[in-house]
Amino acid sequence: AHIGGELTKVDMVDVTEALTAHAAEPLFYRTDHHWTSLAAAYAFAIAGANVQGVAVDQDGNYWVAGDETFMYCYNPYTYQGFATGKVSNSGSFYEITCGDDGYLYVGTRPNIYRIDPRTQEFKRYDTLPSWAKMTGGVVQKGDYLYAGVNGDQNNLQVIVLHKETGK
């Protein structure tokens, strides 16, 4: 019997398409049938959990940013994962990317954070425009960050910050 036919009070969520789209990634442990944390993040996104982004750092670790103020890291080679300490007091994550320089860049409401994935030390950029309500995608190229910001009445702009000075 199919388990979905036996359960009457549980909403079944088919994550086959979401996992198939990422089939080349380490979604299952090599020695059994359990999902890795990465696969769970993709499944949670389909199931309605608010996974805002997944980024892979230069060491091959997967970082998952949710709608809360914590991030989760998973190493597919050692099968170990952990939750970081609280990164942001200001609100939800909106995007996470790994820059060419090896740092993780996270857009939140309304700040940008740079996180060293090896030490988990972070820097907050406080130089966003006063009207900025949230930061979307953040891209690091050379010495600069390019970030999409949104304010009242959909005041959309791309801002440019120096990655060291924040100006």
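Reader: Let me start with one residue. Is Thr36 buried or exposed?
Author: First, a caution: this is a predicted model. Now the general idea. A residue counts as buried under 20% relative accessible area. Thr36 has a relative accessible area of 2%, so Thr36 is buried.

Reader: Where is Thr36 found?
Author: Look between two helices. Thr36 is found in the loop between α2 (16-20) and α3 (37-47).

Reader: Which residues does Thr36 touch, leaving out those up to four places away in sequence?
Author: Pro26, Leu27, Phe28, Tyr29 and Tyr74. Take Tyr74 from that list. Thr36 and Tyr74 are 38 residues apart along the chain, and their C-alpha atoms are separated by 8.2 Å.

Reader: Now the whole chain. How many helices and strands does the protein chain have?
Author: There are 3 helices and 11 strands. Next, read the order along the sequence. The pattern is α-α-α-β-β-β-β-β-β-β-β-β-β-β.

Reader: What share of the residues in the protein chain is buried?
Author: Buried residues make up 38% of the 167 residues. The accessible surface comes to about 9700 Å². Carbon and sulfur atoms account for 51% of that surface.

Reader: Let us turn to charged pairs. How many salt bridges does the count come to?
Author: The general idea is a distance test. A side-chain nitrogen of Lys or Arg must lie within 4 Å of a carboxyl oxygen of Asp or Glu. By this rule the count comes to 4 salt bridges. Lys141 lies in strand β9 (residues 134-141), and Asp100 in the loop between β5 (93-98) and β6 (104-108), so the pair ties together parts that are 41 residues apart in sequence.

Reader: How exposed are Lys141 and Asp100?
Author: Lys141 is partly exposed, with a relative accessible area of 46%. Asp100 is at 53% and counts as exposed.

Reader: Which residue forms a salt bridge with Asp101?
Author: Lys163 does, with the closest N and O atoms 3.0 Å apart. Lys163 lies in the segment after β11 (157-162) and Asp101 in the loop between β5 and β6, so this pair ties together parts that are 62 residues apart in sequence. Lys163 counts as buried at 11%. Asp101 is partly exposed at 25%.

Reader: Which residue meets Glu164 in a salt bridge?
Author: Arg114, at 3.1 Å, N to O. Glu164 lies in the segment after β11 and Arg114 in strand β7, so the pair ties together parts that are 50 residues apart in sequence. Glu164 is partly exposed at 41%. Arg114 is buried, with a relative accessible area of 10%.

Reader: Which residues does Arg114 touch, again leaving out those up to four places away in sequence?
Author: Arg114 touches Tyr103, Leu104, Tyr105, Glu121, Phe122, Lys123, Tyr125, Lys163 and Glu164. Strand β7, which holds Arg114, covers residues 112-115. The contact between the side chains of Arg114 and Glu164 is also a polar contact, at 3.1 Å.

Reader: How far apart are Ala147 and Gly107 in sequence and in space?
Author: Read both separations together. Ala147 and Gly107 are 40 residues apart in sequence and 8.1 Å apart in space, C-alpha to C-alpha.

Technical notes: Residues are numbered from 1 along each chain as its sequence is written. This is a predicted model: local features need pLDDT of at least 70, side-chain atom pairs count only at pLDDT 80 or more; totals for chains, interfaces and linings use all residues. Side-chain values use heavy atoms; hydrogens and water are left out. Helices (H or I, at least four residues) and strands (E, at least two) are DSSP runs, numbered from the N terminus. A polar contact is a pair of N or O atoms within 3.5 Å; within protein, one must be able to donate a hydrogen and the other to accept it, and residues adjacent in sequence count only if both atoms are side-chain atoms. Contact means heavy atoms within 4.5 Å. Buried means under 20% relative accessible area, exposed over 50%, partly exposed in between (1.4 Å probe, protein chains only). Accessible areas come from the Shrake-Rupley method with a 1.4 Å probe; for residues, only the protein chains shown count as cover.
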